[in-house]
Structure formats: structure tokens, C-alpha cells
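Have a look at it first, then go through the points below.

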Amino acid sequence: ENADAFFYRGRCKHNLEDLPGGIADFTKTIELAPDFADAYFFRAVLLMGTFKLKEAQTDFKKVIELVPDSPDSYFYLGLINTISMDFKGSLPYLNKAIELNPEYGEAALLPRRVYSNRYLPRRRRPGCDVFQYCGR
């Protein structure tokens with residue numbers, strides 16, 4: 001069995017939004033090649049899409065272990081913490097993403113949003129939740 005074949009099939013499934021199929025192929029890639037950082041990364045992205053944030057967090061941390069200068073992995077760890085309402089925990093990851101890539105636009109904007117709490121509902125309104133801009 002070929003890890004690359006499972007990886008590229010997983011990427012195709014990712015592009016087709018077949019999240020369970022992509023996760024299965026990336027998992028098989030990791031079984032065949034445990035140091036395949038991109039397989040951990042893309043599996044983590046798909047796990048986020050299925051709201052399995054703890055598992056995604058574990059995979060992003062594995063990517064950082066294998067590729068310490070991966071700004072995307074730090075960004076996604078910060079994003080997971082933000083989604084989980086752990087704003088203080090998100091900032092070190094987001095700052096590290098910016099340190100590794102000073103032009104990382106999303107990572108540069110998210111800390112401002114975290115500090116200003118603009119993504120938190122100010123008052124209870126229909127349709128206003130943590131993932132949506134609610135204004136002040």
C-alpha cells in the first residue's frame with residue numbers, strides 16, 4: 001500500500017467535501033507513514049469541519065512537532081481555542097503564526113477581534129452567536 005496514493009485520494013475527497021472519506025484516507029496515510037505532516041494537517045482541517053476540535057487540535061500539534069515552522073498549524077490552534085472561547089489560550093498560537101509569517105492576514109486580524117470581543121454577542125439577539133459578528 002502506498003501512503004502517497006491515500007494522501008492524494010484524501011485531498012480529492014477534501015476538495016469534494018467528502019469529510020469522512022478524506023479523514024479515512026488521511027488516517028490510512030498516517031498509518032503507513034507516521035511522519036507525513038501534510039496528512040496530519042489535512043486530517044485536522046477535516047476534523048474541524050466535523051466539529052471534532054480536540055482531535056483536530058491533537059493533529060495540529062503533531063504537525064508542529066514534525067514541522068515547527070508551520071504558521072498555518074499555529075493559526076488553526078489559535079482558531080480552535082477561539083471557537084472554544086479560550087481567548088487567552090488562542091493568543092500565543094496566533095502570535096506565533098504572525099511571528100513565523102508577518103504577512104499572515106487572518107492571524108493578524110483575529111487577535112484584535114479576540115481583544116475587542118467583537119465576535120461575542122453583546123446582548124441576546126436571534127441569530128447572533130459566537131461565530132458571527134454581532135456589533136456593539
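Start with α3, which is mostly covered: eleven of its 13 residues are buried. Here "buried" means under 20% relative accessible area, "exposed" means over 50%, and "partly exposed" is in between (1.4 Å probe, protein chains only). Helices (H or I, at least four residues) and strands (E, at least two) are DSSP runs, numbered from the N terminus. Keep in mind that this is a predicted model, where local features need pLDDT of at least 70 and side-chain atom pairs count only at pLDDT 80 or more, while totals for chains, interfaces and linings use all residues. Residues are numbered from 1 along each chain as its sequence is written, and side-chain values use heavy atoms, with hydrogens and water left out.

**The whole chain**
- Take the contacts (heavy atoms within 4.5 Å) between residues at least 6 apart in sequence: 40% of them join residues at least 24 apart.

**More on α3**
- Among the buried residues of α3 are Ala37, Tyr40, Phe42, Arg43 and Met48.
- What covers them? The cover for the buried residues of α3 includes α1, α2, α4 and α5.
- From its first C-alpha to its last, α3 reaches 19 Å, close to the 18 Å expected at 1.5 Å a residue; the expected span is 1.5 Å times one less than the number of residues.
- After α3 comes phenylalanine 51, whose phi is positive, near 65°.

**The nonpolar core**
- A nonpolar core is a set of buried Ala, Val, Leu, Ile, Met, Phe, Trp, Tyr and Cys residues joined through side-chain atoms within 4.5 Å.
- The largest one here has 27 residues, and Ala56 and Phe60 touch the most other members.
- α1 (3–15), α2, α3, α4 (53–66), α5 (71–83) and α6 (87–100) each supply at least two residues of this core.
- Which helix gives the most to this core? It's α3, with nine residues.
- Leaving out residues up to four places away in sequence, alanine 56 touches Ala44, Leu47, Met48 and Ile80.
- In soluble globular proteins, nonpolar side chains tend to be buried together.

**Aromatic rings**
- A search of the whole structure finds ten aromatic pairs. Rings of Phe, Tyr and Trp (its six-membered ring) pair if their centres lie within 6.5 Å; planes under 30 degrees apart count as stacked, over 60 as edge-to-face and the rest as tilted.
- Phenylalanine 7 and tyrosine 8 make an edge-to-face pair, 5.3 Å centre to centre with 75° between the planes.
- Is each partner buried or exposed? Phenylalanine 7 is buried, at 6% relative accessibility, whereas tyrosine 8 is exposed, at 53%.
- Phenylalanine 26 and phenylalanine 42 count as stacked because their ring centres are 6.0 Å apart and their planes are at 25°.
- That pair links distant parts of the chain: phenylalanine 26 sits in helix α2 (residues 19–32) and phenylalanine 42 in helix α3 (residues 37–49), 16 residues apart.
- Both phenylalanine 26 and phenylalanine 42 are buried.
- Arginine 11 lies over the face of phenylalanine 42, 3.9 Å from the ring centre; a charge sits over a ring if NZ of Lys or CZ of Arg is within 6 Å of the ring centre and within 35 degrees of the ring normal.
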